[in-house]
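Hi,

Here is the model I promised to pass on.

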Amino acid sequence: PNATPTGADPKVAEGAALFKDAGCYTYHEVHKKKVGPALKEVNKRWKNQQELIAFIRNSAKVIASGHPY
């Protein structure tokens with residue numbers, strides 16, 4: 001279950017584990033809105049990767065700043 005498919009980037013497995021361990025699945029699905037937005041093409045909703053990473057690390061801070069996320 002936690003094995004990385006042959007030839008897959010190990011970062012994919014790390015991301016999947018983080019998503020599970022942090023409880024993100026409680027709020028997000030890939031293709032449809034749950035509590036939070038769908039994850040498919042999330043990178044297209046952000047001006048740059050740094051803003052997306054800041055949101056992932058501390059969404060409350062980004063939201064409090066008035067960012068329209």
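Below is what turned up when I went through it.

A word on the ground rules: this is a predicted model, so local features need pLDDT of at least 70 and side-chain atom pairs count only at pLDDT 80 or more, while totals for chains, interfaces and linings use all residues. Residues are numbered from 1 along each chain as its sequence is written, and side-chain values use heavy atoms, with hydrogens and water left out.

The overall layout: the protein chain has three helices and zero strands, running α-α-α from the N terminus. Helices here are DSSP runs (H or I, at least four residues), strands are E runs of at least two, and numbering starts at the N terminus. Of the chain's 69 residues, 12% count as buried, where buried means under 20% relative accessible area, exposed means over 50% and partly exposed is in between (1.4 Å probe, protein chains only).

Now α1. It has 12 residues and spans 16 Å from first C-alpha to last, close to the 16 Å expected at 1.5 Å a residue (the expected span is 1.5 Å times one less than the number of residues). The number of buried residues in α1 is zero, so this helix lies largely in the open. Asp9 caps its N-terminal end, with a side-chain oxygen 2.8 Å from the backbone nitrogen of Lys11. Just after α1, Gly23 takes a positive phi of about 80°.

Glu41 is one to look at too. Most residues other than glycine have a negative phi, but Glu41 has a positive one of about 60°. Glu41 sits in the loop between α1 and α2 and, at 42% relative accessibility, counts as partly exposed.

There is one aromatic pair. Rings of Phe, Tyr and Trp (its six-membered ring) pair if their centres lie within 6.5 Å; planes under 30 degrees apart are stacked, over 60 edge-to-face, and the rest tilted. The ring centres of Trp46 and Phe55 are 5.1 Å apart with planes at 40°, so the pair is tilted. Trp46 and Phe55 are both buried.

Finally, the largest pocket holds about 720 Å³ of space. Of the 20 residues that line it, Phe19, Cys24, His28, Leu39 and Ile56 are the closest to its centre. α1 (10–21), α2 (49–57) and α3 (59–64) each give two or more residues to the lining. A pocket is an open set of points on a 1 Å grid over the protein atoms alone, where a 1.4 Å probe fits, with protein on both sides within 12 Å along at least five of seven lines; lining residues have an atom within 4 Å of a point. The volume is the space filled by probe spheres set on those points, which are joined across faces, edges and corners.

Cheers

Definitions and conventions: A polar contact is a pair of N or O atoms within 3.5 Å; within protein, one must be able to donate a hydrogen and the other to accept it, and residues adjacent in sequence count only if both atoms are side-chain atoms.
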